[in-house]
Amino acid sequence: MNVYEIISLCGGVTGLIGLAGFILFYKQTKRIKNAEAKKSELDNFERQIDRYESRLHSRDQKVDAIYVELRQEQDKYYVLLQQYNDLKAEHAVLKVKRCDKPGCGQRVPPGEF
C-alpha cells in the first residue's frame with residue numbers, strides 16, 4: 001500500500017466513524033434541539049404574557065382613575081340636583097304664599113299665612 005491509499009483509507013474510516021456517531025446520537029441531538037426550541041418558545045410566550053399583564057395593569061389603573069373622576073362628578077351633580085329640588089320646592093311654597101295685594105289686610109288669594 002502506498003501513502004495515498006493509507007490516507008484515503010484513514011479518511012474513509014474517519015467518515016464511517018462520523019456517520020456512525022451521527023446515526024447513534026441523532027435521536028438525542030434531535031430531542032435536545034426540540035427541547036431548546038420549546039424552551040425558547042415558552043420564554044417568548046412568558047415575555048409576551050408579562051408585557052400584556054403590565055399593559056392590562058396600567059389600563060386598569062386608568063379605568064379606575066376615570067371611575068373615581070366619574071364618581072366625583074356624579075357627587076357634584078347630585079348635590080346640585082338636591083339644591084335645585086330644594087329651591088324648586090321653596091319656590092312653590094313662596095308662590096302659594098305670595099299676596100297679589102301687598103299692604104292691605106285682605107290677601108288675594110286668601111290663606112292662613
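Author: The questions below concern the fold, the charged pairs and the surface patches. This is a predicted model, in which local features need pLDDT of at least 70 and side-chain atom pairs count only at pLDDT 80 or more, while totals for chains, interfaces and linings use all residues. Residues are numbered from 1 along each chain as its sequence is written, and side-chain values use heavy atoms, with hydrogens and water left out.

Reader: How many helices and strands are there in the protein?

Author: Helices (H or I, at least four residues) and strands (E, at least two) are DSSP runs, numbered from the N terminus. Helix α1 covers residues 3-97. The count for the protein is 1 helix and 0 strands.

Reader: What percentage of the 113 residues count as buried?

Author: A residue is buried under 20% relative accessible area, exposed over 50% and partly exposed in between (1.4 Å probe, protein chains only). For example, K39 is exposed at 53%, whereas D43 is partly exposed at 28%. Of the 113 residues, the buried share is 0%.

Reader: What is the N to O distance in the salt bridge of E73 and K76?

Author: The structure holds 2 salt bridges. E73 and K76 both lie in helix α1, 3 residues apart, and E73 is partly exposed at 43%. Their side chains meet, N to O, at 3.6 Å.

Reader: What accessible area do Y77, Y78, L81 and Y84 have together?

Author: Accessible areas come from the Shrake-Rupley method with a 1.4 Å probe; for residues, only the protein chains shown count as cover. A nonpolar patch joins side chains of Val, Leu, Ile, Met, Phe, Trp or Tyr within 5 Å, from residues with over 30% relative accessible area and no salt bridge. Y84 is found in helix α1. The four residues form a nonpolar surface patch of about 450 Å².

Definitions and conventions. Patch = residues over 30% accessible without salt bridge, like charges linked within 9 Å, V, L, I, M, F, W, Y side chains within 5 Å.
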